[in-house]
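Let us take a friendly walk through a protein model. Have the sequence and the 3D view open as you read.

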Amino acid sequence: MTSTYRRMICLASITMLSVFTKLYAQAVTENSDDNYNSVNTYVNPVLPGDHPDPTLLQVGNDFYHCGSSFHFTPYLPIYHSTDLVHWKVISRVMPPAKSAWVTDRPSAGIWQGAITYFYGSYWIYFSANGQYFSKAADPRGPWTEPVKVTTNPTTGELGYDNSIFVDDDGKPYMLIKNMQKVNRIQALGRDGQLTDTVINLDWVNAKLQYSWAEGPVMSKRNGYYYYFPAGDVSGGQYVLRGTALTADSTKWERLGEFFKPVTDASTGFKRPNHISAPIQLKDGSWWTIGQSYEKYEGDDWSGKGRQTLLFPVIWEGDRPWGMAPTTAPVKKPNLANTGTLWRTVQTDHFEKNSLDLAWHFLNKKDAGNYSFSSRKGWIRLTPDSGRTSVLQKETDHYYAAVTKLEFNATDTGTSAGLYLSNGNQSVNVRLFAGYNNGKKIFFQLDSMLYSVPNKLGNTVWLKLERNMHELKGYYSADGRKWLPVGGSISAIPLDKTQPNYNSWVGTSIGLFTEGKGADFDFFICKDGFSDMPAVGYSNYYGVEKVKDAVTNNSNNGGWLMIAGVELGNKLTAANQVEISATATKAGSIEIWLDDLTTGKLIATIPVSNTRTKTAWAKFKRSIKSTGGHHDVFIKFPKGNNQQIYIKNIRFLKST
């Protein structure tokens, strides 16, 4: 092949790539009719709540995510997806029985969680007072006992937040990161241990150009190696390009920032970083995931932890760019979802003989303090001393968490109920049955305390409502008629930026008991029979928020999705759906479950003309008895631009 011909081929490739990039950029914002009638787009975060230091693995048509667990145990939850948007926990690599040496105090635990595949096995490399790995034939497990990675004086300390890069020839390498100035690469053998000689890249951050230059990952494309170091916990993501896998700095080029500058001032995720190695799909598109705290002008949600966002990667020649964070819908990867719902806190009726993989504990001792055998269909928490809890990562700004509790409070040292805790476990919200000169229901955050006499006895329903930073507590005898426990409590002390980076994790929600055992019949985080604000959507297209309501902003219609709604079981399934709306022109609203094409249309609700935008009225429709855990879609009609406004939706139970 002549040099002239090679240049022609290269120019043609660059031209095709430029065309693809422009077409993709247009597809992100195009307003085709199809986007109003199908779920073709997503908005970040795709993994809301605490998911720090994400790593991403692609094997065939499957994608796997893992990251740092810190002190939450069982350690190293692995998420699975087929479309990069919908994720579900499928295993936990390290139960307490395999992690006796791991320190489970806040800020400690297990860091890194680099999931990879090479030499015919799945591997997880992690940091816990040294580098370790476990391996499996399938990411669902079982995973082997952890093995420590040995090092030598030349390689040095193996540090934390490492990752694994597998070259085109199948040879794996560990990207080693220790403190601020150590960035190194070394091959791995078939036994998972370091082999060959270290490739020293300490020059990368010798002058602290990238703050900590942490969490390095690497990809390869068109013969170039791309090395992506993150800045630090506050943000910053950078990229270098090399012509060879070498320590020679002259073979590498610093390309600068990875993400395009933010132009959407309304986004709360302005400084994403700690990305996974970008991957290429069959259609030629490239994608990566990264983490970011959530913070708006005058509205701080950093306490939820570092949330996982999905980004298209755009190539300008051989220069990669991550798409700038935005609140606008982004075109989804051209991949099929196999039925996984949007990631939210999971309902649990405790009908299995094992704990759902979504749950975690704040320490290894708590992991031994629950039972399903003590009472069928209930979980029993039994503390050996102090407080014990079982929790999930909080994911939403709006919800109504409900549980049914059986507990006999006999003195001031006994309590049980619903629990919100920050990572340091220094800021807690509790709605609980307790005792103080008689049995009472308490609602407390720090010194803010409400209480009412408990005249219901030992069996009581509790409901904790979150409406942004406002929390309210309720109790009930039957889960239908709810009585307030005092007034509202501000969650800002829990939600804002936390000291010591919140021990590197985010807020958790779940159940607790203190002083004696308690039985819980179920746990629901997003009760569909409570008012659910429409502004609390997780995905949308063609709609906008107007104060505390949502309307469509196009004559093509529009839709919003409220994720993770619980509609009851066989005995208490929903048989009606109701919206609170106002309209300047009569129309109708469609209610779908799970998807707008593969899902189910369960109701078309007529909305009459209320004549003004402030005359709120309730409109409802009977539905076929429907229970279970669902994503709920509200679809606006075509040709009705900004004429129907929806404030709330709720379902009604069978009698």
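**A hairpin and a pocket**

V546 stands opposite A549 in β42. This is a predicted model, where local features need pLDDT of at least 70 and side-chain atom pairs count only at pLDDT 80 or more, while totals for chains, interfaces and linings use all residues. Residues are numbered from 1 along each chain as its sequence is written, and side-chain values use heavy atoms, with hydrogens and water left out.

β41 and β42 form a hairpin with two residues between them. In the turn, K547 has a positive phi of about 60°. The two strands run antiparallel, and four bridges join β41 to β42, which covers residues 549-552. Strands here are DSSP runs of E with at least two residues, helices are runs of H or I with at least four, and both are numbered from the N terminus. Two strands count as paired if DSSP finds at least two bridges between them. In general, strands of a sheet pair through backbone hydrogen bonds, either parallel or antiparallel.

β41 also leads us to the largest pocket: along with α1 (3-29) and β40 (539-541), β41 (543-546) gives two or more residues to its lining. The largest pocket has a volume of about 990 Å³. Of its 43 lining residues, the closest to the centre are V43, T327, Y537, Y540 and K545. A pocket is found on a 1 Å grid over the protein atoms alone, as an open set of points with protein on both sides within 12 Å along at least five of seven lines; lining residues have an atom within 4 Å of a point. Its volume is the space filled by probe spheres set on the points, which are joined across faces, edges and corners.

Now look at another part of the model, an open sheet. Six strands lie in the order β27-β37-β29-β30-β31-β32, with antiparallel pairing. β27 (387-393) and β32 (448-453) stand at the edges; each has a single partner strand, so one side of each is left without a neighbour in the sheet. Within this sheet, seven bridges join β29 (residues 415-421) to β30 (residues 428-435), and L418 stands opposite L431 in β30.

Finally, find F651 in strand β49 (residues 644-653). Is F651 buried or exposed? F651 is buried, with a relative accessible area of 1%; buried means under 20%, exposed over 50%, and partly exposed in between, with a 1.4 Å probe and protein chains only. F651 and A574 are 77 residues apart in sequence, and 5.9 Å apart in space, C-alpha to C-alpha.

Notes:
On a 1 Å grid over the protein atoms alone, a cavity is a set of points where a 1.4 Å probe fits but cannot get out, and a pocket is an open set with protein on both sides within 12 Å along at least five of seven lines; lining residues have an atom within 4 Å of a point.
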